[in-house]
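Please look through the sequence and the model before reading on.

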Amino acid sequence: TGVQTCALPISLPHRAQNNHQHTIWWRWSRVVQHHPWRSLVSAFVLLGVLAVPMFSLRLGFSDFGNAEKNTDVRKAYDLISEGFGPGFNGPLYIAVSGDTAGDKAKLAGFAKTIGSADGVAAAVPVPMGSDKVALVIAYPTTSPQDEKTSELVHNLRDTVIPASGTTAYVGGFTASGIDFSEYLGHRLPYLIGIVLILSFFLLMAVFRSVLVPLKAVFMNLLSVGASYGVIVAVFQWGWLANVFGVGKPGPVEAWAPMFLFAIVFGLSMDYEVFLLSRMKEEYQRTGDNFTAVADGVAATARVITAAALIMVCVFAAFVLAPDRQLKLFGMGMAVAVFVDATVVRMILVPATMELLGARNWWIPKWLDKVLPRIDVEGKHHDHAIN
């Protein structure tokens, strides 16, 4: 004999949904939705003002002249600049090959030609134990991070050295820093373009919409642009430099814009998907765009704000570091996350979603059939209890 057991179905109490209509975020969304054009224009003007300095962005590498005045490296930098000139902190090393390298008279003449070029304080040949390779050290009249030093390097390569008939190559840390900065600057638009295109198609497949991903990509660019603008104003123009302990102004670190864009775009897209998925869920349930936007903002605002606050505090702590590169990176990240979680998510998104109305979720039928179906929340199946 055996004991047969059976499981009796037990009805679980239904958990009531949170009543978002009594939260401050729901009321805030209503205010924005009742004045969508005013909210949209105000937010765009604010972000536009923050992003204006971005158009003066100059990539490069800071030198010891950007260190704090009480540090040993800054004192040494200032002494060399005062005694010999700022260019002696970043000399250019010109490698010479061919017949000139083995002929002292020709090498001296070549060094004299380099020394007479605009922007060169002095150029001296260095004795080498080889007849095939020679070295000439050129000292610019400007500091390594100065824009005129970059112009000098290009002038030597494109005009002065070819006109001399000598086979020579301009190198050294200063020249390589200039080359690396230009390399990253030329490829930054390709990186941004590829990421934007891929993000657009991915969001279009997730939300089955054309306008929503287009709006999301554009608004994330505004966050990144505001971040670039702030770091240019502080670190390149020198605004409030003493407040943040930046030292003297200089170029924006060449690697920073690429890193900032990659990380900030990922974080902002995370917030965007979280917010829009809630709005779409409410719209599919009620068919009311006005209520869906307000409920979506109210349901996600606390989580987005808390997450953003943590990130802002972490990145803002980098600004307290003595290193200029850490300050720049931390400030750029903190500004971008703060702007994205406040101005973009709490003003621009509800304002544009309200203005577009039901068009938010429009997609051509042929495109809807072609795109793969991606469910960010997974599929739910109901199992009957026997």
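This is a predicted model: local features need pLDDT of at least 70, side-chain atom pairs count only at pLDDT 80 or more; totals for chains, interfaces and linings use all residues.

Residues are numbered from 1 along each chain as its sequence is written, and side-chain values use heavy atoms, with hydrogens and water left out.

Helices (H or I, at least four residues) and strands (E, at least two) are DSSP runs, numbered from the N terminus. Strand S2 (residues 92–97) pairs with S5 in the antiparallel sense over five bridges, where pairing requires that DSSP finds at least two bridges between the strands. One of the contacts in this pairing joins Ala 95 to its bridge partner in S5, Tyr 169. Strand S5 (residues 167–171) has Ala 168 and Val 170 on its covered face, while Thr 167, Tyr 169 and Gly 171 lie on the uncovered one.

Two helices are listed here with their spans, the expected span being 1.5 Å times one less than the number of residues.

| Helix | Residues | First to last C-alpha | Expected span |
|---|---|---|---|
| H7 | 35 residues | 49 Å | 51 Å |
| H8 | 26 residues | 36 Å | 38 Å |

H7 has a kink of about 35 degrees at Arg 187, shortly before the proline Pro 189; the bend at a residue is the angle between axes fitted to the seven residues ending there and the seven starting there. In H8, 22 of the 26 residues are buried, so this helix is largely enclosed by the rest of the structure; buried means under 20% relative accessible area, exposed over 50%, and partly exposed in between (1.4 Å probe, protein chains only).

The axes of helix H10 (residues 289–318) and helix H11 (residues 324–356) come within 9 Å and cross at roughly 175 degrees, which makes H10 roughly antiparallel to H11, a term used for angles over 145 degrees. The residues of this contact divide into 21 nonpolar, two polar and two charged.

Most residues other than glycine have a negative phi. Leu 240, in the loop between H8 and strand S6 (252–253), has a positive phi near 55 degrees but is exposed, with a relative accessible area of 54%. Gly 238, which follows H8, also has a positive phi, near 90 degrees.

Technical notes. Axes are lines fitted to C-alpha atoms, for helices over the stretch in contact, and angles run from 0 to 180 degrees between N-to-C directions. Angles under 35 degrees count as roughly parallel, over 145 as roughly antiparallel, 65 to 115 as roughly perpendicular and the rest as oblique. Ala, Val, Leu, Ile, Met, Phe, Trp, Tyr, Cys and Pro count as nonpolar, Asp, Glu, Lys and Arg as charged, and the others, Gly among them, as polar.
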